[in-house]
Amino acid sequence: MTRILMQKAAPATYKALIALDTAVRDGIDPALAELIRIRASQLNGCAYCLQRHTADARAAGESEERLTLLSVWHDAPNYFTEAERAVLALTEAVTTLPPGGIPDEIYDRVADHFDEYRTGQLIGLIFTINAWNRIGVATGRVPESAGQLTNR
């Protein structure tokens, strides 16, 4: 059985998430936003979002080398700035929600590089991609082939 397409089955919900996704982009570097989206998508196992945001990252100027190493960024410190590493740690913490919540150390690392507004935008961007990932996984979205919109 083919699963629903959210934009057709629940258009108001889908449009609201698009509006949120647009709002959280303000003040965030597009390449950094794509690193966040890719890392969360890797953790959530959303193949559709991973394909889409990897392509968007390339268009934003990301190198193949950094995209390849993103899943192991902890072990590739020379490829990511300290600010990027702080955001990737926050992305992982918000995505996985460890017991006890987000550690102060992770939050403080982000706050060292970003003002309150941008920190809020980053958190918003992280929870928004997590929502998209959950839609993609729940509805069985699969990577597009030749522009096809498909589900399992």
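I searched the whole structure for salt bridges and got nine (a side-chain nitrogen of Lys or Arg within 4 Å of a carboxyl oxygen of Asp or Glu). The model is predicted: local features need pLDDT of at least 70, side-chain atom pairs count only at pLDDT 80 or more, and totals for chains, interfaces and linings use all residues. Residues are numbered from 1 along each chain as its sequence is written, and side-chain values use heavy atoms, without hydrogens and water.

I looked up Glu-64 next. Its salt bridge partner is Arg-58, with the closest N and O atoms 2.3 Å apart. Glu-64 is partly exposed at 43% relative accessibility (buried is under 20% relative accessible area, exposed over 50%, partly exposed in between; 1.4 Å probe, protein chains only). Arg-58 is also partly exposed, at 39%.

Then I checked Glu-84 and Arg-66, which form a salt bridge at 2.8 Å, N to O. Glu-84 sits in helix 6 and Arg-66 in helix 5 (residues 64-69), so the pair ties together parts 18 residues apart in sequence. Helices here are DSSP runs (H or I, at least four residues), numbered from the N terminus. Both residues of this pair are buried.

Glu-82 pairs with Arg-109 at 3.1 Å, N to O. This pair links helix 6 to helix 7, 27 residues apart. I also noted a network: salt bridges with shared partners join Asp-21, Arg-25, Glu-34 and Arg-37.

Last, I looked at the chain start. Met-1 lies in the segment before helix 1 (6-9) and is exposed, at 97% relative accessible area. Met-1 and Gly-140 are 139 residues apart in sequence, yet 11 Å apart in space, C-alpha to C-alpha.

Terms used
Helices (H or I, at least four residues) and strands (E, at least two) are DSSP runs, numbered from the N terminus.
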